[in-house]
Amino acid sequence: MPGERRIPPKVGKTSGILDENGRDLELEEKVLKWIRSVVHEKPTSDYESFIQDGSILSKVMTSIVFNSVPLEQIDDNWGTNPALDRVKAVIREIRRYGVVDVFEPEDLIELKNIPKVTKCLAQLSKLAASDKDNLLGSAY
């Protein structure tokens, strides 16, 4: 139907096998596939670099909840630290959407805890797949 949003499928379960750095590469691949299905962009780099500055994750959140991250902030490159501002906005909106266990900005920007970022994004995908009416719809 016109105006109806297609919610991409959620990220499924993985084997839970971690690499030597404690990363679930299978889960990362599923999260990346989900991100690609939402934003329709192919990564030009590895997983963590693709999401590191928050631009892609801003697009994901905006696809799930329109204008949750202001459009001018998505590709913004001015100010003291636009990536930090963008990632903080994404985290705020992920939390508002209902994800409880969110990551800290440095987990993503400084690549300190990519497994935590990945788990948060997997949870976001599950909420988005089960949310046909947008949980934030009543908040505005």
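Predicted model: local features only at pLDDT ≥ 70, side-chain atom pairs only at ≥ 80, totals over all residues.
1. A nonpolar core here is a set of buried Ala, Val, Leu, Ile, Met, Phe, Trp, Tyr and Cys residues joined through side-chain atoms within 4.5 Å, and buried means under 20% relative accessible area, exposed over 50%, and partly exposed in between (1.4 Å probe, protein chains only).

2. Helices (H or I, at least four residues) and strands (E, at least two) are DSSP runs, numbered from the N terminus.

3. Leaving aside residues up to four places away in sequence, Ile-35 touches His-40, Phe-50, Ile-51, Ile-56, Leu-57, Val-60 and Leu-121, where contact means heavy atoms within 4.5 Å.

4. His-40, one of the residues touched by Ile-35, lies in the loop between helix H1 (25–39) and helix H2 (47–51). His-40 counts as exposed because its relative accessibility is 65%, and its phi is positive, near 55 degrees. Most residues other than glycine have a negative phi.

5. Leu-111, which is not a glycine either, has a positive phi of about 55 degrees and is found in the loop between helix H6 (105–109) and helix H7 (114–130). With a relative accessible area of 35%, Leu-111 is partly exposed.

6. On conventions, residues are numbered from 1 along each chain as its sequence is written, and side-chain values use heavy atoms, with hydrogens and water left out. Local features need pLDDT of at least 70 and side-chain atom pairs count only at pLDDT 80 or more, while totals for chains, interfaces and linings use all residues.
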